[in-house]
Amino acid sequence: MKKLILLLFLLTINISFCQEDWTSFENETYSIEYPDNWIFDDSGQMQTTFFIYSPLTEGDKFKENINLIIQNLKGANVSMDQYVESSINQTKAMIENGKVIESTGDNKQHTIVLSGDVSGNKLKFKQVLIYKEEVMYILTFSALSSSYDDYLKTSDKIITSFKVK
């Protein structure tokens with residue numbers, strides 16, 4: 001019994017020290033959470049609503065990031081399937097050696113994983129498209145292909161925290 005109590009105590013301490021501190025951003029349209037050592041930038045650069053950048057680590061030449069683009073589709077009469085096809089075609093046309101790795105979802109949410117070369121960097125992207133009330137919310141996680149898996153768990157947690165009001 002003492003061993004079980006000690007084991008539970010050690011696990012609790014270990015879990016507490018492994019947890020990151022998170023912060024959130026919220027406005028009248030949406031909310032999102034992210035690690036507090038990541039940088040939130042809502043300056044609107046490159047026609048985005050925001051960027052959330054990972055901290056640079058030693059030897060980094062690319063800041064892994066998540067960005068949000070909001071596109072009003074009111075009256076456009078565009079289905080999720082049509083939007084996904086158009087998005088894939090545009091992305092592949094803009095990215096050298098662009099290829100789709102995965103594309104899954106339904107008419108409310110769709111996930112696309114792509115890879116390609118941008119400015120001499122081999123990148124991998126995960127886009128999550130959320131369609132609500134004729135508005136498309138496009139969250140894109142971008143990383144070097146070599147570090148994509150290292151950041152995937154955190155980026156998924158950030159993206160999953162995104163809530164449209």
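Is Asp 156 buried, exposed or partly exposed? Asp 156 is partly exposed, at a relative accessible area of 25%; buried means under 20% relative accessible area, exposed over 50%, and partly exposed in between (1.4 Å probe, protein chains only).

The views below show a predicted model, in which local features need pLDDT of at least 70 and side-chain atom pairs count only at pLDDT 80 or more, while totals for chains, interfaces and linings use all residues. Residues are numbered from 1 along each chain as its sequence is written, and side-chain values use heavy atoms, with hydrogens and water left out.

**View 1. Salt bridge between Asp 156 and Lys 126.** The closest N and O atoms of Asp 156 and Lys 126 are 2.8 Å apart. Helices (H or I, at least four residues) and strands (E, at least two) are DSSP runs, numbered from the N terminus. Lys 126 counts as buried, at 16% relative accessibility. A salt bridge is a side-chain nitrogen of Lys or Arg within 4 Å of a carboxyl oxygen of Asp or Glu; a search of the whole structure finds three.

**View 2. Salt bridge between Glu 26 and Lys 165.** The side chains meet at 2.6 Å, N to O. This pair links distant parts of the chain, 139 residues apart: Glu 26 is in strand 1 (residues 22-26), and Lys 165 is in the segment after strand 10 (163-164). Glu 26 is exposed, with a relative accessible area of 57%, whereas Lys 165 counts as partly exposed at 48%.

**View 3. Salt bridge between Asp 117 and Lys 122.** The N to O distance is 3.6 Å. Asp 117 is buried, with a relative accessible area of 16%, and Lys 122 is exposed at 57%. Side chains of opposite charge can pair when their charged atoms come close.

View 4. Met 80, Tyr 83, Val 84, Ser 87, Ile 88 and Thr 91 are the buried residues of helix 2. Seen down the helix axis, these residues fall within an arc of 130°, so they line one face of helix 2; the arc is that of the directions from the helix axis to the C-beta atoms. On the other side, Asp 81, Glu 85 and Ala 93 are exposed. An α-helix has 3.6 residues a turn, so residues three or four places apart point the same way. The cover over the buried residues includes strand 5 (65-72), strand 6 (96-105), strand 7 (109-118), strand 8 (121-132) and strand 9 (135-144).

View 5. Met 80 counts as buried, at 3% relative accessibility. Not counting residues up to four places away in sequence, Met 80 touches Asp 106, Asn 107, Lys 108, Gln 109, His 110, Leu 129, Tyr 131 and Met 136; contact means heavy atoms within 4.5 Å. Met 80 and Met 136 are 56 residues apart in sequence, and their C-alpha atoms are 9.0 Å apart in space.

**View 6. Pairing of strand 5 with strand 4 and with strand 9.** Strand 4 (residues 50-53) and strand 5 run antiparallel, joined by four bridges. Here Tyr 53 stands opposite Asn 65. Strand 5 also pairs with strand 9 in the antiparallel sense, over eight bridges, and Ile 70 has Tyr 137 in strand 9 as its bridge partner. Two strands pair if DSSP finds at least two bridges between them.
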